[in-house]
Amino acid sequence: MITASPGHYGPGTGANGLIDEVTEAIKVTKEVVRILRAAGIQTNYIEDNVNKSQSTNIGWLIAQHNKSSRLIDVSIHFNASVGTHSRGIGTETLVYSDKNKAIAQKITDAIANASGLKNRGAKIRTDIGILKRTNKPCYLIEVCFVNDRVDVALYQKHFDAICQAIASELAN
């Protein structure tokens, strides 16, 4: 069983640039869940349509993940940096500990291979609530940068392949 959620709590509450993080994270998460379910893998989908602030959103998402019976947690996000770019910044997957880094790297490799996005690798982050406070291994996937023209073009062109790549790695 997998529990998956898009980050944040509504359009405009995450990173914004050429595309909106929350809008796109919802699309990716729903498609990944659809693919996993079609493959017979039990998958929970959690979307926060309740909260109105980041602090309550994070606690709510963590509680919902921890309430579900699952083997892993997945949180889909999109990254951002300052300004608008055309250099191709890439994709990465964040985890809380080194114990889950190899799987995170496989997820990132799959996204990069399916899309042509630069592979930023797997990164350990001990300061992110959902990684720190879920009680199962959690993978926070940063699909691409919302403010980079190259990233957004590759994401939009290869949306289906990216979702399939994520689902395939999670299924493994």
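The model is predicted. Helix 3 and helix 6 run roughly antiparallel to each other, H77 is buried, and Y96 is partly exposed.

**How helix 3 meets helix 6**

- Two packed helices are described by the angle between their axes and the distance between the axes.
- Here, the axes of helix 3 and helix 6 (residues 159–171) come within 8 Å and cross at roughly 155°.
- Angles over 145 degrees count as roughly antiparallel, so that is the label for helix 3 and helix 6.
- The crossing of helix 3 past helix 6 is right-handed.
- On the helix 3 side, the contact is made by K106, I107, A110, I111, A114 and S115, while helix 6 brings A161, I162, A165, I166, E169 and L170.

**Getting to know H77**

- You can find H77 in strand 3 (residues 72–79).
- H77 has a relative accessibility of 11%, and buried means under 20%, so H77 counts as buried.
- Leaving out residues up to four places away in sequence, H77 touches G7, H8, E21, L140, I141, E142 and V143.
- The side chain of H77 also makes a polar contact with the side chain of S75, at 2.8 Å.

**Getting to know Y96**

- Y96 sits in the loop between strand 4 (91–95) and helix 3 (101–115).
- With a relative accessible area of 35%, Y96 is partly exposed.
- Y96 touches I124, R125, T126, L131 and K132, again not counting residues up to four places away in sequence.
- Y96 and L170 are 74 residues apart in sequence, and their C-alpha atoms are 17 Å apart in space.

Terms used. Residues numbered from 1 in each chain as written. Predicted model: local features only at pLDDT ≥ 70, side-chain atom pairs only at ≥ 80, totals over all residues. Heavy atoms only, no water. Helix = DSSP H or I, 4+ residues; strand = E, 2+ residues; numbered from the N terminus. Buried < 20%, exposed > 50% of the residue type's maximum accessible area, 1.4 Å probe, protein only. Contact = heavy atoms within 4.5 Å. Axes fitted to C-alpha atoms, helices over the stretch in contact; angles between N-to-C directions. Parallel < 35°, antiparallel > 145°, perpendicular 65-115°, else oblique. Left-handed = near helix turned anticlockwise from the far one by under 90°. Polar contact = N/O pair within 3.5 Å; in protein donor to acceptor, adjacent residues only side chain to side chain.
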